[in-house]
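User: I have a chain loaded and some questions about it. Can we go through them one at a time?

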Amino acid sequence: MAEQTLEIFKKGIPIFTILQDENRQQILVMLCKTNRMTVNQITEKLSLSRPAVSHHLKLMLNAGILSVSQSGTERYYSADMTSTLALLKALTQSLEADTKNKA
């Protein structure tokens, strides 16, 4: 069982790495509460520059926790947590099983 837990941890490293940053945590929570937002809308709510917000969004998009859609000249970002939540649930279940199977 412990091997399975370690494998799940390894799969989650990119997500955990991205989410250790407080600014990215704030962006994610904001996007979870709204349908979608542009870089400018996010920048207005945070004390970060537009380039900094764009950088954070790019990293989060690459990690698979955001999705982006284009409407005219605007790019809209939204939280896409389906695979992340599935991974976290699997990790929780695996840890619970490991805890129950203590020697």
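User: Which residue forms a salt bridge with Lys-10?
Analyst: Glu-7 does, and the closest N and O atoms are 3.7 Å apart. Keep in mind that this is a predicted model.

User: Where are Glu-7 and Lys-10 placed in helix α1?
Analyst: They are three residues apart in helix α1, so about one helical turn separates them.

User: How exposed are Glu-7 and Lys-10?
Analyst: Glu-7 has 44% relative accessibility and counts as partly exposed. Lys-10 is exposed, at a relative accessible area of 52%. The cut-off for exposed is over 50%, which is why the two residues get separate labels.

User: How many salt bridges does the count come to?
Analyst: One.

User: Switching to the fold. What pattern does the chain follow along the sequence?
Analyst: The pattern reads α-α-α-α-β-β-α, with five helices and two strands.

User: What radius of gyration does the chain have?
Analyst: The chain has 16 Å, whereas a compact globule of 103 residues would be near 13 Å. The C-alpha trace spans about 55 × 25 × 20 Å along its principal axes.

User: How much of the chain is buried?
Analyst: 30% of the 103 residues count as buried. The chain exposes about 6,700 Å², and carbon and sulfur atoms supply 53% of that.

User: What about the largest nonpolar core, how many residues has it?
Analyst: It has 20 residues, and those with the most contacts inside it include Ile-27, Leu-31, Ile-42 and Leu-66. Helices α1, α2 (22-33), α3 (39-45), α4 (50-63) and α5 each supply at least two residues. The largest share, four residues, comes from α2.

User: Which residues does Leu-66 touch?
Analyst: Leaving aside residues up to four places away in sequence, Leu-66 touches Leu-28, Leu-31, Leu-57, Met-60, Leu-61, Tyr-77, Ser-78, Ala-79 and Asp-80.

User: Now the surface. Which residues form a nonpolar patch there?
Analyst: Leu-6, Phe-9, Phe-16, Leu-85, Leu-88 and Leu-95 do, with about 470 Å² of accessible area together. The elements giving two or more residues to that patch are α1 (2-19) and α5 (82-100).

User: Is Leu-85 buried or partly exposed?
Analyst: Leu-85, which is found in helix α5, is partly exposed, with a relative accessible area of 42%. As background, nonpolar side chains in soluble globular proteins tend to be buried together.

How values were computed:
Residues are numbered from 1 along each chain as its sequence is written. This is a predicted model: local features need pLDDT of at least 70, side-chain atom pairs count only at pLDDT 80 or more; totals for chains, interfaces and linings use all residues. Side-chain values use heavy atoms; hydrogens and water are left out. Patches are made of residues with over 30% relative accessible area and no salt bridge: like charges are joined within 9 Å, nonpolar side chains (Val, Leu, Ile, Met, Phe, Trp, Tyr) within 5 Å. Accessible areas come from the Shrake-Rupley method with a 1.4 Å probe; for residues, only the protein chains shown count as cover. A salt bridge is a side-chain nitrogen of Lys or Arg within 4 Å of a carboxyl oxygen of Asp or Glu. Buried means under 20% relative accessible area, exposed over 50%, partly exposed in between (1.4 Å probe, protein chains only). A nonpolar core is a set of buried Ala, Val, Leu, Ile, Met, Phe, Trp, Tyr and Cys residues joined through side-chain atoms within 4.5 Å. Contact means heavy atoms within 4.5 Å. The radius of gyration is taken over C-alpha atoms; the globule rule is 2.2 Å times the number of residues to the power 0.38.
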